[in-house]
Structures are given as C-alpha cells and as structure tokens.
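These are my notebook entries on one protein structure. I record what I looked up and what I found.

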Amino acid sequence: MIIDFSQGKVILSPFEAQVRFNTSGITMYAMVEDIKFIDDALIMHADAGAVRWSLKLDTPEQLALIREELGV
C-alpha cells in the first residue's frame, strides 16, 4: 500500500515500512516490529536500536491507514 503525504510517500508491506521523501531522495526503512505511534501528535516512530527516526504525518486518517495496514 502507498500513502501519499505532504513530504513524500509511505510504502507499506506486511513486514516493513518505507518513507520516501520527494525533494531529497532520502528513503528510510523500518521493520514493523520496530515501529510505534504517537497518535495525538500524528507521529510514526521507528527505533531499531542504533537507528531511530520519526515522521510527522499530515492527518489522523493517514496514521489510521498505516496502523491498519501494518496490523498494529
């Protein structure tokens, strides 16, 4: 599943999430088990130990779609 947001795309599979930014060409990856959500702030946060990143989404609907697709 692909979800567009203001800065790029979130690409989801059953095992991982990818975030691809439009302007910089940067792609961030995370396994599903490393992803957490901060619902009231619309944040998707990945923590795989040595590597961490956070993404602020645009709408609660985007966050809900991601959670539903990943099953978390």
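**Entry 1**

I first asked: is D39 buried, partly exposed or exposed? I note that the model I consulted is a predicted one. D39 has a relative accessible area of 41%. Buried means under 20% and exposed over 50%, with partly exposed in between, so D39 counts as partly exposed.

I then looked up the side chain of D39 and found that it meets the side chain of R67 in a salt bridge, at 2.8 Å from N to O. D39 belongs to the loop between β5 and β6, whereas R67 belongs to helix α1, so this pair ties together parts that are 28 residues apart in sequence. R67 is partly exposed as well, at 27% relative accessibility.

**Entry 2: The remaining salt bridges**

How many salt bridges does the structure hold? I found three. Besides the pair of D39 and R67, I recorded one between K9 and D4, whose closest N and O atoms are 2.8 Å apart. K9 counts as partly exposed, with a relative accessibility of 34%. I also recorded one between R52 and D47, at 3.5 Å from N to O. R52 is exposed at 59% relative accessibility, while D47 is partly exposed at 33%.

**Entry 3: Helix α1**

Next I examined helix α1, which covers residues 60-70. Which of its residues are buried? I listed Q62, L63, I66 and L70. Looking down the axis of α1, I saw that these buried residues fall within an arc of 100°, so they line one face of the helix. On the other side of α1, I noted P60, E61 and E68 as exposed.

I then asked what the buried residues of α1 pack against. The answer is a set of strands: β1 (2-5), β2 (8-12), β3 (16-21), β5 (35-38) and β6 (43-47). Just after the helix, G71 takes a positive phi of about 75°.

**Entry 4: Q62, a polar residue in the helix**

I returned to Q62 in helix α1. Its relative accessible area is 10%, and therefore Q62 is buried. A polar atom of the Q62 side chain lies 3.0 Å from the backbone nitrogen of T59. Leaving out residues up to four places away in sequence, I found that Q62 touches I3, D4, F5 and L57.

**Entry 5: The largest nonpolar core**

I reminded myself that nonpolar side chains tend to be buried together in soluble globular proteins. How many residues does the largest nonpolar core have here? I found 21, and those with the most contacts inside the core are V10, V19, I35, M44, W53, L55 and I66. The elements that give two or more residues to this core are β1, β2, β3, β4 (27-31), β5, β6, β7 (52-56) and α1.

I took V19 for a further search, leaving aside its neighbours within four places in sequence. V19 is in contact with F5, K9, V10, I26, T27, M28, M44, W53 and L55.

**Entry 6: The aromatic pair**

I searched for aromatic pairs and found one. F5 and F21 form this pair, which is edge-to-face, with 6.3 Å from centre to centre and 75° between the planes. F5 lies in strand β1 and F21 in strand β3, so the pair ties together parts that are 16 residues apart in sequence. Both F5 and F21 are buried.

**Entry 7: Q18 in strand β3**

I also looked up Q18, which is found in strand β3. Q18 is buried, with a relative accessible area of 11%. Which side chains make polar contacts with the side chain of Q18? I recorded E16 at 3.2 Å and R20 at 2.9 Å. Not counting residues up to four places away in sequence, Q18 touches K9, V10, I11, T27, M28 and Y29.

**Entry 8: The backbone at L42**

Finally, I checked L42, whose place is in the loop between β5 and β6. L42 has a positive phi of about 60°, although it is not a glycine. Its relative accessible area is 13%, so L42 counts as buried.

Notes. Residues are numbered from 1 along each chain as its sequence is written. This is a predicted model: local features need pLDDT of at least 70, side-chain atom pairs count only at pLDDT 80 or more; totals for chains, interfaces and linings use all residues. Side-chain values use heavy atoms; hydrogens and water are left out. Buried means under 20% relative accessible area, exposed over 50%, partly exposed in between (1.4 Å probe, protein chains only). Helices (H or I, at least four residues) and strands (E, at least two) are DSSP runs, numbered from the N terminus. The arc is that of the directions from the helix axis to the C-beta atoms. Contact means heavy atoms within 4.5 Å. A nonpolar core is a set of buried Ala, Val, Leu, Ile, Met, Phe, Trp, Tyr and Cys residues joined through side-chain atoms within 4.5 Å. A salt bridge is a side-chain nitrogen of Lys or Arg within 4 Å of a carboxyl oxygen of Asp or Glu. Rings of Phe, Tyr and Trp (its six-membered ring) pair if their centres lie within 6.5 Å; planes under 30 degrees apart count as stacked, over 60 as edge-to-face and the rest as tilted. A polar contact is a pair of N or O atoms within 3.5 Å; within protein, one must be able to donate a hydrogen and the other to accept it, and residues adjacent in sequence count only if both atoms are side-chain atoms.
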